[in-house]
Amino acid sequence: MNDIKAVFAKNLSDLRQAAGMTQLELGDALNYSDKTVSKWERGESIPDAGMLKQIGDVFGVSVDYLLEEEHGTETETKPDEAPQEVSEEVYRNRRTIRYIVQAGVWLLSFAILVLCWIITRHFYWLILVWTLPVSFLLSIIFSSLWSRHKGRDNYIFISLFILSILTAIYLSALSKNLWMLFLLMVPVEILLFFCFKLYFDKRKDRS
(Lines give C-alpha, C1' and ligand atoms only; values in the text may rest on other atoms or scores of the structure.)
Protein backbone atom coordinates (compact mmCIF):
# COMPACT_ATOMS: atom_id res chain seq x y z
CA MET A 1 0.00 0.00 0.00
CA ASN A 2 2.90 2.34 0.74
CA ASP A 3 4.20 1.83 -2.79
CA ILE A 4 0.81 2.69 -4.26
CA LYS A 5 0.63 5.80 -2.10
CA ALA A 6 4.05 6.92 -3.30
CA VAL A 7 3.20 6.26 -6.96
CA PHE A 8 -0.10 8.11 -6.65
CA ALA A 9 1.59 10.98 -4.81
CA LYS A 10 4.12 11.48 -7.61
CA ASN A 11 1.54 11.17 -10.39
CA LEU A 12 -0.82 13.61 -8.70
CA SER A 13 1.94 16.14 -8.10
CA ASP A 14 3.18 15.87 -11.70
CA LEU A 15 -0.31 16.29 -13.16
CA ARG A 16 -1.17 19.21 -10.90
CA GLN A 17 2.05 21.08 -11.70
CA ALA A 18 1.70 20.37 -15.43
CA ALA A 19 -1.81 21.84 -15.29
CA GLY A 20 -0.49 24.94 -13.51
CA MET A 21 -2.74 24.39 -10.50
CA THR A 22 -1.97 25.03 -6.85
CA GLN A 23 -2.92 22.57 -4.15
CA LEU A 24 -5.61 25.01 -3.06
CA GLU A 25 -7.10 25.19 -6.56
CA LEU A 26 -7.13 21.42 -6.87
CA GLY A 27 -8.70 21.12 -3.45
CA ASP A 28 -11.43 23.58 -4.43
CA ALA A 29 -12.13 21.61 -7.62
CA LEU A 30 -12.54 18.43 -5.54
CA ASN A 31 -14.28 20.05 -2.55
CA TYR A 32 -11.33 19.14 -0.33
CA SER A 33 -8.88 21.28 1.59
CA ASP A 34 -5.37 21.99 0.34
CA LYS A 35 -4.09 20.19 3.43
CA THR A 36 -5.71 16.97 2.22
CA VAL A 37 -4.17 17.42 -1.23
CA SER A 38 -0.81 18.01 0.47
CA LYS A 39 -1.16 14.73 2.38
CA TRP A 40 -1.90 12.90 -0.84
CA GLU A 41 1.17 14.37 -2.53
CA ARG A 42 3.37 13.49 0.46
CA GLY A 43 2.15 9.89 0.24
CA GLU A 44 0.59 9.94 3.70
CA SER A 45 -2.83 8.86 2.46
CA ILE A 46 -4.68 7.92 -0.72
CA PRO A 47 -8.28 8.81 -1.65
CA ASP A 48 -11.00 6.22 -2.18
CA ALA A 49 -12.00 4.87 -5.58
CA GLY A 50 -14.71 7.47 -6.12
CA MET A 51 -12.34 10.34 -5.44
CA LEU A 52 -9.67 8.77 -7.67
CA LYS A 53 -12.20 8.79 -10.50
CA GLN A 54 -13.00 12.44 -9.80
CA ILE A 55 -9.31 13.35 -9.81
CA GLY A 56 -8.88 11.50 -13.08
CA ASP A 57 -11.75 13.48 -14.59
CA VAL A 58 -10.15 16.78 -13.54
CA PHE A 59 -6.91 15.95 -15.37
CA GLY A 60 -8.41 13.91 -18.20
CA VAL A 61 -6.68 10.64 -17.22
CA SER A 62 -7.86 7.22 -16.08
CA VAL A 63 -7.70 5.82 -12.54
CA ASP A 64 -5.16 3.28 -13.80
CA TYR A 65 -2.94 6.14 -14.95
CA LEU A 66 -2.99 7.65 -11.47
CA LEU A 67 -1.86 4.36 -9.88
CA GLU A 68 0.66 3.19 -12.48
CA GLU A 69 4.33 3.76 -11.82
CA GLU A 70 5.39 3.34 -15.44
CA HIS A 71 3.45 5.05 -18.21
CA GLY A 72 5.84 4.44 -21.09
CA THR A 73 5.81 7.22 -23.68
CA GLU A 74 2.45 8.33 -22.35
CA THR A 75 4.09 10.12 -19.41
CA GLU A 76 5.53 12.63 -21.82
CA THR A 77 2.16 13.55 -23.32
CA LYS A 78 -0.33 13.13 -20.50
CA PRO A 79 0.77 15.97 -18.19
CA ASP A 80 1.06 18.41 -21.11
CA GLU A 81 -2.48 17.64 -22.19
CA ALA A 82 -4.03 17.87 -18.75
CA PRO A 83 -6.57 20.68 -18.87
CA GLN A 84 -5.94 23.61 -16.59
CA GLU A 85 -8.90 24.19 -14.31
CA VAL A 86 -9.44 27.87 -13.69
CA SER A 87 -11.94 29.59 -11.48
CA GLU A 88 -15.08 31.15 -12.93
CA GLU A 89 -13.75 34.61 -12.01
CA VAL A 90 -10.52 34.07 -13.94
CA TYR A 91 -12.52 32.74 -16.89
CA ARG A 92 -14.74 35.86 -16.87
CA ASN A 93 -11.69 38.13 -16.68
CA ARG A 94 -10.11 36.40 -19.66
CA ARG A 95 -13.34 36.69 -21.61
CA THR A 96 -13.49 40.41 -20.78
CA ILE A 97 -9.90 40.88 -21.98
CA ARG A 98 -10.81 39.12 -25.21
CA TYR A 99 -13.81 41.40 -25.78
CA ILE A 100 -11.75 44.51 -25.02
CA VAL A 101 -9.06 43.53 -27.53
CA GLN A 102 -11.65 42.69 -30.19
CA ALA A 103 -13.46 45.99 -29.58
CA GLY A 104 -10.13 47.80 -29.77
CA VAL A 105 -9.43 46.32 -33.21
CA TRP A 106 -12.80 47.47 -34.52
CA LEU A 107 -12.39 50.89 -32.91
CA LEU A 108 -9.04 51.29 -34.65
CA SER A 109 -10.60 50.18 -37.92
CA PHE A 110 -13.41 52.74 -37.66
CA ALA A 111 -10.91 55.43 -36.65
CA ILE A 112 -8.85 54.74 -39.79
CA LEU A 113 -12.03 54.73 -41.86
CA VAL A 114 -13.12 58.13 -40.51
CA LEU A 115 -9.62 59.58 -40.90
CA CYS A 116 -9.45 58.46 -44.53
CA TRP A 117 -12.87 60.00 -45.17
CA ILE A 118 -11.83 63.31 -43.61
CA ILE A 119 -8.65 63.44 -45.69
CA THR A 120 -9.90 62.10 -49.04
CA ARG A 121 -13.71 62.40 -48.75
CA HIS A 122 -13.95 58.78 -49.89
CA PHE A 123 -15.60 56.01 -47.90
CA TYR A 124 -13.14 53.10 -47.85
CA TRP A 125 -15.57 50.41 -46.67
CA LEU A 126 -13.08 47.66 -47.52
CA ILE A 127 -11.22 48.61 -44.35
CA LEU A 128 -14.10 47.11 -42.38
CA VAL A 129 -14.18 44.05 -44.61
CA TRP A 130 -10.49 43.32 -44.01
CA THR A 131 -10.98 43.83 -40.28
CA LEU A 132 -13.08 40.66 -40.20
CA PRO A 133 -10.20 38.20 -40.83
CA VAL A 134 -8.06 40.10 -38.30
CA SER A 135 -10.85 39.72 -35.76
CA PHE A 136 -11.24 36.00 -36.43
CA LEU A 137 -7.47 35.52 -36.23
CA LEU A 138 -7.52 37.05 -32.75
CA SER A 139 -10.37 34.71 -31.86
CA ILE A 140 -8.21 31.74 -32.88
CA ILE A 141 -5.35 32.99 -30.71
CA PHE A 142 -7.54 33.60 -27.66
CA SER A 143 -9.31 30.29 -28.14
CA SER A 144 -6.00 28.42 -28.28
CA LEU A 145 -4.84 30.12 -25.09
CA TRP A 146 -7.92 30.25 -22.90
CA SER A 147 -10.93 28.44 -24.33
CA ARG A 148 -12.44 25.55 -22.38
CA HIS A 149 -13.31 23.89 -25.70
CA LYS A 150 -10.25 24.58 -27.84
CA GLY A 151 -10.92 21.97 -30.52
CA ARG A 152 -14.52 22.97 -31.19
CA ASP A 153 -13.90 26.72 -31.03
CA ASN A 154 -10.78 26.60 -33.20
CA TYR A 155 -12.62 24.58 -35.84
CA ILE A 156 -15.30 27.28 -36.04
CA PHE A 157 -12.94 30.25 -35.96
CA ILE A 158 -10.49 28.81 -38.50
CA SER A 159 -13.39 28.17 -40.90
CA LEU A 160 -14.67 31.73 -40.43
CA PHE A 161 -11.15 33.13 -40.78
CA ILE A 162 -10.63 31.46 -44.16
CA LEU A 163 -14.13 32.39 -45.34
CA SER A 164 -13.61 36.03 -44.32
CA ILE A 165 -10.33 36.20 -46.25
CA LEU A 166 -11.99 34.81 -49.39
CA THR A 167 -14.86 37.27 -48.93
CA ALA A 168 -12.45 40.19 -48.53
CA ILE A 169 -10.54 39.18 -51.68
CA TYR A 170 -13.78 38.80 -53.61
CA LEU A 171 -15.14 42.20 -52.53
CA SER A 172 -11.78 43.87 -53.19
CA ALA A 173 -11.92 42.68 -56.79
CA LEU A 174 -15.63 42.85 -57.59
CA SER A 175 -14.97 43.86 -61.18
CA LYS A 176 -13.13 40.58 -61.82
CA ASN A 177 -16.02 38.43 -60.55
CA LEU A 178 -13.95 35.95 -58.55
CA TRP A 179 -16.95 34.07 -57.11
CA MET A 180 -15.26 30.72 -57.77
CA LEU A 181 -12.89 31.51 -54.90
CA PHE A 182 -15.63 30.33 -52.53
CA LEU A 183 -15.39 26.83 -54.02
CA LEU A 184 -12.09 26.58 -52.13
CA MET A 185 -14.13 26.30 -48.93
CA VAL A 186 -15.21 22.79 -49.92
CA PRO A 187 -11.76 21.14 -49.79
CA VAL A 188 -10.79 23.41 -46.88
CA GLU A 189 -13.77 22.25 -44.81
CA ILE A 190 -13.09 18.61 -45.67
CA LEU A 191 -9.44 19.00 -44.64
CA LEU A 192 -10.38 20.76 -41.40
CA PHE A 193 -12.98 18.12 -40.58
CA PHE A 194 -10.52 15.24 -40.82
CA CYS A 195 -7.73 17.13 -39.04
CA PHE A 196 -9.95 17.94 -36.09
CA LYS A 197 -11.49 14.46 -36.14
CA LEU A 198 -7.98 13.06 -35.76
CA TYR A 199 -7.37 15.54 -32.91
CA PHE A 200 -10.53 14.55 -31.04
CA ASP A 201 -9.94 10.82 -31.58
CA LYS A 202 -6.42 11.14 -30.22
CA ARG A 203 -7.66 12.90 -27.09
CA LYS A 204 -10.38 10.32 -26.61
CA ASP A 205 -7.88 7.45 -26.84
CA ARG A 206 -5.68 9.05 -24.18
CA SER A 207 -8.45 9.81 -21.73
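The side chains of K10 and D14 meet in a salt bridge, with N and O 2.8 Å apart. This is a predicted model. The protein chain holds 10 helices and 0 strands. The briefing covers charge pairs, aromatic rings, surface and cysteines.

**Salt bridges**

- The count comes to 5 salt bridges. The pair K10 and D14 is one example.
- K10 and D14 are 4 residues apart in helix α1 (residues 2-18), so about one helical turn separates them.
- K10 is exposed, because its relative accessibility of 53% is over the 50% cut-off. D14 is partly exposed at 33%.
- E44 and R42 also meet through their side chains in a salt bridge, at 2.8 Å from N to O. E44 is partly exposed, with a relative accessible area of 45%.
- D153 forms a salt bridge with R152. The closest N and O atoms of D153 and R152 are 3.1 Å apart.
- D153 is buried, because its relative accessible area of 14% is under the 20% cut-off.
- Side chains of opposite charge can pair when their charged atoms come close.

**Aromatic rings**

- A search of the whole structure finds 6 aromatic pairs.
- One of these is F8 with W40: the ring centres lie 6.5 Å apart and the planes stand at 70°, so the pair is edge-to-face.
- That pair links distant parts of the chain. F8 sits in helix α1 and W40 in helix α3 (residues 34-41), 32 residues apart.
- F8 is buried, with a relative accessible area of 0%. W40 is buried as well, at 3%.
- The rings of Y32 and W40 have centres 5.4 Å apart and planes at 50°, so this pair is tilted.
- Y32 is partly exposed, with a relative accessible area of 35%.
- Ring pairs join F8, Y32 and W40 into a cluster.
- A pair of aromatic rings is described by the distance of the centres and the angle of the planes.

**Fold and contacts**

- Read along the sequence, the protein chain follows the pattern α-α-α-α-α-α-α-α-α-α.
- Among contacts in the protein chain with a separation of 6 or more, 59% are between residues 24 or more positions apart.
- Of the 207 residues in the protein chain, 29% are buried.

**Surface**

- The accessible surface of the protein chain comes to about 13200 Å². Carbon and sulfur atoms account for 63% of that surface.
- A nonpolar surface patch covers about 840 Å².
- The patch is made by V114, L115, W117, I118, I119, F123, W125 and L174.
- I118, one of the patch residues, lies in helix α7 (residues 88-120).

**Cysteines**

- A search of the whole structure finds 0 disulfides.
- C116 is partly exposed, with a relative accessible area of 25%.
- C195 is partly exposed too, with a relative accessible area of 43%.

How values were computed. Residues are numbered from 1 along each chain as its sequence is written. This is a predicted model: local features need pLDDT of at least 70, side-chain atom pairs count only at pLDDT 80 or more; totals for chains, interfaces and linings use all residues. Side-chain values use heavy atoms; hydrogens and water are left out. Patches are made of residues with over 30% relative accessible area and no salt bridge: like charges are joined within 9 Å, nonpolar side chains (Val, Leu, Ile, Met, Phe, Trp, Tyr) within 5 Å. Accessible areas come from the Shrake-Rupley method with a 1.4 Å probe; for residues, only the protein chains shown count as cover. A salt bridge is a side-chain nitrogen of Lys or Arg within 4 Å of a carboxyl oxygen of Asp or Glu. Helices (H or I, at least four residues) and strands (E, at least two) are DSSP runs, numbered from the N terminus. Buried means under 20% relative accessible area, exposed over 50%, partly exposed in between (1.4 Å probe, protein chains only). A disulfide is a pair of cysteine sulfur atoms within 2.5 Å. Contact means heavy atoms within 4.5 Å. Rings of Phe, Tyr and Trp (its six-membered ring) pair if their centres lie within 6.5 Å; planes under 30 degrees apart count as stacked, over 60 as edge-to-face and the rest as tilted.
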